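Welcome! Let us take a walk through this structure together, one region at a time.

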Amino acid sequence: MNTLMILGLVIFVVSFVLISSEKINKTIIALLGAFLFIILGIIGQKAAFEEIDWNVIFLLIGMMVIVGITKETGVFQYAAIKTAKAVKGEPIRILILFSFLSAVFSAFLDNVTTVMILTPVIILVAVELGLSPIPFVISSAVASNIGGTATLIGDPPNIMIGSAANFGFTDFLVNLGPIVAVNFILLCLIIYLLFRKKLKVSIERRARIMEFDESRSIKDKKLLIKSMIVIGLVVGGFLIHDHVGLKPATIAMFGAALLMLIAGGEDVEHFFHEIEWGTIFFFIGLFILVGGLVELGIIEILSSAILSFTEGDITLTAELVVWLSGIMSAIVDNIPYVATMIPMVENMGHAVGAEAVEPIWWSLALGSCFGGNGTMIGASANVVGAGIAGKNGYKISFLEFTKYSSFITLITLITTSFYVYFIIL
Amino acid sequence: MKLSSLLEKDLILNRVPVKNREDAVRLSIDRLFDKKKIIFDKDKIIEEINARDKLGGTVFKSGLAIPHARIKEYGDLSIVVCIPDHPVDVEGQPVDCFVVMITSLAVSNLYLQVLAALAKLSNDKDFFHALTNSTSAEAFLELTSDKYVKKELTVEDLMSTDNGILKPEMTLKDATDIFYMKKTSYLPVLSEDGHFLGELRINDLISVGIPDYAKMIGSLSFLNSFEPFEKLMNEEDDILVSSVMKQSLVSLTPESSVVEAALKMTQGNFRHLPVIKDGELIGILNIMDILNKVLRR
């Protein structure tokens, strides 16, 4: 190891720790670290800018614009209220169906967006039922992390992995869908057993839910129709993108541009406010940081270390990646973790063949997505959900949240181990 | 600028017999046309003055009346002072002094400053008495020789100083009562020793009644039977003003110009702004002050 390698490693580790501690804004840290890498000559500017994965950036931006416009229509609230009424205000069914909604929404939306949209409605329904919203909020956040695992666009790690490994939208659905479904059913079972006795409400309370008029939550019917058309086209595009030789980023950006046009594209700035620029630049900084590590040869050292530890055994490596990713994601931000793991898996691919490492990619996706539920701080959706509950006077402590979520994570990681062993490998 | 330098000896009518407001206006305008070469239609100007008077606000409790008109392309500021020989009743208010003004259509700063200066002078009872009892134009000018018109109209000239105040240890019940009694939507919060601590707007008070999750949902139109003020009604005795008041992020100084105030109020969508000097509240500017004292004066 030379001095530059040590310097680069120190900057990377310090950035990683600061990002995970969330004491300073993570985007600023990532950008500072990234451009420090360039200033120190660890990676040249040209090479650094080429490290930025535009598939990921444009897919994120495209989806943020589409979701941002659609969410203004009130359709997500509509779905939540309709659901609560469909089960006649029966609390345990509402709890399970709200978890289902969270899982389905987050398969297509960002997990944090899902939680930000659904949690306020969930709290409202719980308060109207005279129940503590806490079980509802925790279940919804945990379910969003599980549901987000199922698709290419459901969770940022999947977006990165899909781009790096060249996996398409249907690849994710086919390979990850089944285990997500199994784990979601297990989640429902656990919720049912834990909360069914605690959730008793009077007829009068249930009648209050039935009084809700969900049709009035649709704020803009015309916009809703336009959004639904574009979302339909985009999802259709995702399903066939591999066959027509297009990347998901192109489909998402085209959909975003189309929706902006038909939603009245006079004032583009208004739509661009929906883009979380902090997140976008966080990714940009990370790509450069990780690119620097690759340049320094550190990634190669680490990946050969893993391969030599597992003696090149793919089964063992895949299982190791599931558990390592699960544990790491519970403690640190899973986005920088996955960003770092991606070049490592690519390196393993160079050693043992691209075909052979395919299970490792799926293990990485499953471990890092499910692992986020390990603690309250393991996934942004958890932090945001608990934060909204806290602001409304329902404080959820780290331990209370983690008590439920870590148990669920343990079960999901165990099932994932079996799934990887029996199905994926 | 000296007030007296805006006045002309020939345009001051002392102790003239006047029966009513119309007389005073007619007399003043006759004198103006007499002494100056004015190309505008006299009757039209009088018509304009009468139309403006109908809108109200041209008669002050101090006994000063300011019939005036803005005439398109007038291009000058003409001031005629008319002091009747005995007080004239205008809408039940005895008037001791008419100041008839004609200016161009564009809002002239000078004109507003003259108005502000006159209004202020008329509030000084002894001075105003001496002024309205002056027997000649020279005496009138002599009296006003040390009176100045401010270069620019400032917030100090528009603000009000008799507002209700809150103390941080008051409850929301007290605050609601004061809002209700004062018929205002803005109350400053002052410490025991009179320091300005912050402000409470009626929006912030009502916002207490709406739970956070409802604000996040953004629209509650789907609810038919929600009772948003349940919380406010239940807890108004326990919530202190200090916990809901806001830091005043935007404020004015007494020297702030009217345009600065107008910009701050329209940009931030404020109806009221505190006027602060050295950390002390010295008044409150209501956006209606700009309407009443600038646009329609």
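Predicted model: local features only at pLDDT ≥ 70, side-chain atom pairs only at ≥ 80, totals over all residues.

In soluble globular proteins, nonpolar side chains tend to be buried together. Leaving aside neighbours within four places in sequence, Phe238(A) is in contact with Leu59(A), Met63(A), Ile153(A), Phe169(A), Pro248(A), Ile251(A) and Ala252(A).

Just after α9(A) comes Asn166(A), which takes a positive phi of about 60°.

Now move on to His241(A), which sits in the loop between α12 (221-240) and α13 (248-262) of chain A. Is His241(A) buried or exposed? Its relative accessible area is 3%, and buried means under 20%, so His241(A) counts as buried. The side chain of His241(A) reaches the backbone nitrogen of Phe169(A) at 2.9 Å. Setting aside neighbours within four places in sequence, the contacts of His241(A) are Gly168(A), Phe169(A), Leu246(A), Lys247(A), Pro248(A) and Ile251(A). You have already met some of these names: Phe169(A), Pro248(A) and Ile251(A) are also among the contacts of Phe238(A).

Next, let us see where the two chains meet. Chain B brings 11 residues to the contact, and chain A brings 19. Between them, the two chains bury about 1500 Å², with 61% of that area on carbon and sulfur atoms. On the side of chain B, the residues that lose the most area to chain A are Tyr213(B), Ile217(B) and Phe222(B), which together make up 44% of what that side buries. How many salt bridges are there between chain B and chain A? The count is 1, and it is here that the side chains of Lys391(A) and Asp212(B) meet, at 3.8 Å from N to O. There are also 3 residue pairs in polar contact between the two chains, counting pairs with both residues at pLDDT 80 or more. The residues on the side of chain B that touches chain A divide into 7 nonpolar, 3 polar and 1 charged.

In one of them, Glu214(A) pairs with Lys85(A), the closest N and O atoms being 2.9 Å apart. This pair links distant parts of the chain: Glu214(A) is in the loop between α11 (203-210) and α12 of chain A, while Lys85(A) is in helix α5 (residues 75-86) of chain A, 129 residues apart. Glu214(A) counts as buried at 10% relative accessibility, and Lys85(A) is buried as well, with a relative accessible area of 18%.

In chain B, the side chains of Glu138(B) and Lys9(B) meet in a salt bridge at 3.6 Å, N to O. Glu138(B) lies in helix α5 (residues 137-143) of chain B and Lys9(B) in the segment before β1 (12-16), so this pair ties together parts that are 129 residues apart in sequence. Glu138(B) is partly exposed, with a relative accessible area of 45%, and Lys9(B) is partly exposed with a value of 45%.

Another salt bridge of chain B joins Glu260(B) and Lys264(B) at 3.3 Å, N to O. These residues are 4 apart in helix α12 (residues 258-268) of chain B, so about one helical turn separates them. Glu260(B) is partly exposed at 32%, and Lys264(B) is partly exposed at 26%. Finally, back in chain A, salt bridges that share partners join Lys82(A), Lys85(A) and Glu214(A) into one network.

Definitions and conventions: Residues numbered from 1 in each chain as written. Chains lettered and ligands numbered in written order. Heavy atoms only, no water. Contact = heavy atoms within 4.5 Å. Helix = DSSP H or I, 4+ residues; strand = E, 2+ residues; numbered from the N terminus. Buried < 20%, exposed > 50% of the residue type's maximum accessible area, 1.4 Å probe, protein only. Polar contact = N/O pair within 3.5 Å; in protein donor to acceptor, adjacent residues only side chain to side chain. Buried area = accessible area lost by both parts, 1.4 Å probe. Salt bridge = Lys/Arg side-chain N within 4 Å of Asp/Glu carboxyl O. Nonpolar A, V, L, I, M, F, W, Y, C, P; charged D, E, K, R; others polar.
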